Amino acid sequence: MALLDDVIDANGGIARWNSLSRFTLHLSVGGTLFSSAGHAREFKDVIAEGSTRTQSVRFTGITGGEQSGSFQPDAITIETVDGEVLQTWSNPDLAFDAGPQVLADELHLIFFCGVTIWNYLTTPFLLARPDVVVEELPSWKEGIETWRRLRAQLPSKLVTFAGEQIFYFDENALQRRTDHDLFGTKVAHYSWAHESFDGVVVPTLRRSQTRQPDGTVNAKPVLIDVEIFDASFE
């Protein structure tokens, strides 16, 4: 598909992505979903290390630097900084239609952040997988800009917020928005301030807001706010 090819090339190319296996991020994650659950500063100024090939992310420095948390589809753990396991959740299942109140539990919060960060970091290369079905949609007018769009059907074996998502790309083929349902609410994730790290282009700022049925977005509340300070790939 021409649009997806342009997008992959603009973000570093599939050959470069396929040569990589790991990523490391220095980032902060917040927003009203976190503050309303009592975790306003849980993921401020943390390190996230993960695999580009399988769904796996480890967060170091959560809860004010006192603990670490790991996300994999079959297990969530909370550990001390020395590696002592404090809590484990085997075969987790976070129903994203259950409501954001589930994030009050720290194991659920790590699950949520693991899904968030892994999907953020692997898109748009994730869309090139053979088990992802993509379809180009009519373009979208965003202010004075015209953004092209892809609808993606994601396989059930991937842990994602929603099986169907719509991705928006600007005139430079950089990802600027993603639409899907979250906790029974229609949301739009905006991304900007793209930078190149080790040959991979990453949007360093992301913001998630609610949207109306016509696709317009509400300025408040900001559900999720992500800032990436630095990134590396190997």
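Reader: Is Phe-112 buried or exposed in this structure?

Author: The model is a predicted one. A residue counts as buried when its relative accessible area is under 20%. Phe-112 has a relative accessible area of 0%, so Phe-112 is buried.

Reader: Which aromatic pair does Phe-112 form with Phe-183, stacked or edge-to-face?

Author: Ring planes under 30 degrees apart count as stacked. The planes of Phe-112 and Phe-183 make an angle of 15°, with 5.9 Å from centre to centre, and the pair is stacked. Phe-112 belongs to helix α5, while Phe-183 sits in the loop between β10 (175-182) and β11 (185-197), so the pair ties together parts 71 residues apart in sequence.

Reader: What is the relative accessibility of Phe-183?

Author: The value for Phe-183 is 9%, and Phe-183 therefore counts as buried. Ring pairs also join Phe-112 and Phe-183 with Phe-34 and Phe-161 in a cluster.

Reader: How many aromatic pairs are there by this rule?

Author: The count is eleven aromatic pairs. One of them is Trp-89 with Phe-111: the ring centres are 5.8 Å apart and the planes stand at 45°, so this pair is tilted. Trp-89 is in strand β6 (residues 85-90) and Phe-111 in helix α5 (residues 106-122), so the pair links distant parts of the chain, 22 residues apart. Trp-89 and Phe-111 are both buried.

Conventions
Residues numbered from 1 in each chain as written. Predicted model: local features only at pLDDT ≥ 70, side-chain atom pairs only at ≥ 80, totals over all residues. Heavy atoms only, no water. Phe/Tyr/Trp six-rings, centres within 6.5 Å; stacked < 30°, edge-to-face > 60°. Helix = DSSP H or I, 4+ residues; strand = E, 2+ residues; numbered from the N terminus. Buried < 20%, exposed > 50% of the residue type's maximum accessible area, 1.4 Å probe, protein only.
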